[in-house]
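Student: I'd like to learn how to read a structure. Could you walk me through this one?

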Amino acid sequence: MTGPGDDRDEPVPEDRSDPPGPEDKFGPASVPEDMSGSGAPRRASTGEAAPAGAGTRIRLTRAGLRILVGPRVPWWGRLESRVITALAALGILCVGASAYLVTLTVTYFDSIVVAAARKSDDAVAAARPLYDGFVRASKLAYRARTAALARELELGLLRAPEASGGPEELADWTLAALRAVLEREGDVVELRLDGLVAGPRLAERRQLFPEDPLQWIWFTAGPEPLNGAPGAIAEGLTLTATFAQSTDLDRRYQALGAAKRELDYVAVNGSVVDRGELEGAVFRAIGAASALVLMVAFIAGFLLARATTRKLTTLSGVILRVAGGDLRARVPDLGQDELGQLGAAFNGMLDELDSAQRKLSYLQRVGAWQEMARRIAHEIKNPLTPIQLAVQQLREKDPGLDPVFTRLLRTSVEIVEDEIEALRRMVTSFSRFAKVPEAQLVPVEIARVVGEFDRAYGHLTERETDVLEVTPVPPGLTILGDRQLLKQCLVNLVENAVLSQRERGPVHVRVSVRPIPPEPGVDPGLPPTALELRVDDNGPGIAPERRERVFEPYESTRKEGTGLGLAIVKKVVLDHGGEVRVEDSDLGGAAVVVRLPLYAPDAT
Amino acid sequence: MRRRGFLGLLVALPLLTGAGGLELLRARRARFEEVGDSVLMTIALPELLLIRDQDAMASIESAFRTRLEYEITLYRAGQAEPVDLRRVTVQIQWDPWKERYFVETKEPDRSAIRRYFVGRDEAILAAVTLDRLRVARASALDRGPKAVYFATVVAQRNPIEKGLLSPEDGEGRGQGRDLSVFSRWVGIFIRATQVAEKTVAVKTTPAFYLVPR
């Protein structure tokens, strides 16, 4: 037990200047006063102190143990901060690497597109000289054809008899000749002959080939001189020809130019965007998407890290409380993960520790009571016999002279003898309680213990209506036990049950044994590790608030009870490493349930 | 307070820029004449087709047609509603058959006017100058110094025809839908869209009024 005097053993000054930290939250200040058992202030009882400059602090537990608590961790050194930082760094690394790769990819494909566009530009540029060449060649061809037509007309002038006539005849002939050529040549729009004395002659079909950017391009070749005409009818005769060129090729060439102009633009969401601007927008979009992903990852990482480290913080706080002596501290439910399992296991360990501590405390109390019972029995038992002999002598020495006195004497002596007998019985009980031996544990089958009990104590009372029911015990249930003490326990329990019901009516007591099935979550194929010995009765039962107290020595509800039977039972059971409890019985009364560990020879 | 003022300025910025949108137009000298019932405007926008613009010159010399779209809006000073709106299309092209430049001016519901030039620079000057263009009917305008008018001219060189651009992918399901979503995402980050190779927007100055009769 820890008391104020513990502080004397630790001459380090208290560090009251420390700001409140997690350990303060779960530390000594939160440990209830009643656990200390001394009523001393918490800080005094735990003796928290810090050596100057060392950073570490020393705590004294209730058991007087000194534990070293590490220095208060700054926020950047905490696990939570480290996990969050690590997650953030990983997120930045991954997203940054992805963004860089995407940027490289975009740049790479953009360079390919630029190269393709440049090739398209080159192709268009290559088309230009072709178009120029085509135009030049066409014009040369038209000029050559005009020259050829001029030569043809020259020959006609030389051969045609009408041509040797007067100016009018020549003019008529030439017009007819021009029309004939016009009919023959499919792309000629107009033929004009100048230099005739009778005036120029024109053959045309403009309506058929209108000069229109969407239909026909006109090209005029000439004037081409004609030789051989008589000077009297013609002076400087020339032929001018106009040709019609289809605009198909020109339109295609213009379409090529329009397509070239559009190479630098793309349509995005119905809007026209310059390719360079689009590349920048893609980079910005990737950057924004990366930032969004990073933000989501950071928030998720933060929450995840916080959820994990919060469990650790909780666990650490509970451990610190336990280290400070608060064995009632328990880890809250931390979920199904490893930390949750660790918390559950820690709670189980604390439960075991608490149970063991309570057993120890009970055994200490019972030991003290045994010692007191032994002394009382010794002090009372010795004078009883002289007192009894003295009063018997008084009764025998009475001469009987005074009948009134004699009657008074006999009555008084009977009273004294009755009380002496009562005291003797009490002393006997005290002696039996004080002399409960230490259990000699050997492997023993519980069926044998119950069978011997049944044979020896099968009759409860003299009454026919009273029933002691001993149910068959499953074979193979072996424990490490003391057969005699266990039988004594059974006797005590059955007697207790009989005495509680005897005056109320027929007694029904049932003794049963069963192996305890594995707990939920444990492999059901595993063998049982404990058995349950039950003594049920149909008595008045025990109120729930008294079920713990009935095992305390000298705690009884019956006038003639000593309150030692159940105390002996509990002591014996605890000596066997078992547990005992009271619960309601299906017979209508109370059931005392004894749980005993099964003997496992292979267990270490 | 400073932070609140800054936030207020940020919120009001779109309104300020919207209200001052017209003021963002560059000022350009223009000449207005009243001839009969017409108000004629003469203005030059040489930056639309600069001679030092090598790409534009290369395009012209390659006999590719260059199209200039003008949108002339006449406003009365102090009023947001336009008084008149005209659109003019001017094309300039080298004709390799006839070895000359031609400049064709076309207004809706009017026949095109073609002018021919031997020199490139003359043709360009003619193309970027709106010479005595009818911008309004005089009878539709108020007279006197209180009725002041000005015009805005938005000119585009080779407006981009969306039909010529490659169609957008990304419709449908699966990856196509993802592409569509990504396209919309990228669209958010586009700062400037393009409607033409070059755009020039000016506001005529000084303003004019019709002399009272």
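Student: Of the contacts in chain B with a separation of 6 or more, what share comes from residues 24 or more positions apart?
Tutor: Two residues are in contact if their C-beta atoms, placed from the backbone, lie within 7 Å. In chain B, residues 24 or more positions apart account for 67% of the contacts with a separation of 6 or more. Keep in mind that this is a predicted model, where local features need pLDDT of at least 70 and side-chain atom pairs count only at pLDDT 80 or more, while totals for chains, interfaces and linings use all residues. Residues are numbered from 1 along each chain as its sequence is written, and chains are lettered from A and ligands numbered from 1 in the order in which they are written.

Student: How many helices and strands does chain B have?
Tutor: Helices (H or I, at least four residues) and strands (E, at least two) are DSSP runs, numbered from the N terminus. Chain B has 4 helices and 10 strands. Starting at the N terminus, the elements of chain B follow the order α-β-β-β-α-β-β-β-β-α-β-β-α-β.

Student: And what should I look for in a sheet?
Tutor: Strands of a sheet pair through backbone hydrogen bonds, either parallel or antiparallel. Here a pair needs at least two bridges found by DSSP. In chain B, 3 strands make an open sheet with the order β2-β3-β8, and the pairing is antiparallel. Its edge strands, each pairing on one side only, are β2 (31-35) and β8 (129-137) of chain B.

Student: Where can I see a parallel pair in chain A?
Tutor: Look at strand β10 (residues 467-470) and strand β12 (residues 508-515) of chain A, which pair in the parallel sense over 4 bridges. Val470(A) has Val511(A) in β12(A) as its bridge partner. With strand β13 (residues 530-537) of chain A, β12(A) pairs in the antiparallel sense over 7 bridges; there, Val509(A) stands opposite Asp537(A).

Student: How do I describe two helices that pack together?
Tutor: Two packed helices are described by the angle between their axes and the distance between the axes. The axes are lines fitted to C-alpha atoms, for helices over the stretch in contact, and angles run from 0 to 180 degrees between N-to-C directions. Helix α9 (residues 446-457) and helix α10 (residues 483-501) of chain A pack at about 55 degrees, their axes 10 Å apart. That makes α9(A) oblique to α10(A) (under 35 degrees is roughly parallel, over 145 roughly antiparallel, 65 to 115 roughly perpendicular, the rest oblique).

Student: Which residues of α9(A) meet α10(A)?
Tutor: Val449(A), Glu452(A), Phe453(A) and Tyr457(A) do, and among their partners in α10(A) are Leu486(A) and Leu490(A).

Student: Is Val592(A) buried or exposed?
Tutor: A residue is buried if 20 or more other C-beta atoms lie within 10 Å of its own, exposed if 12 or fewer, and partly exposed in between; C-beta atoms are placed from the backbone. Val592(A) counts as buried because it has 28 C-beta neighbours inside 10 Å. You'll find Val592(A) in strand β15 (residues 590-597) of chain A. Leaving aside neighbours within four places in sequence, Val592(A) is in contact with Leu493(A), Val535(A), Val580(A) and Val582(A).

Student: How many residues of chain B are in contact with chain A?
Tutor: 26 residues of chain B are in contact with 28 residues of chain A. Helix α4 (residues 175-188) of chain B gives the most to that side of chain B, with 5 residues.
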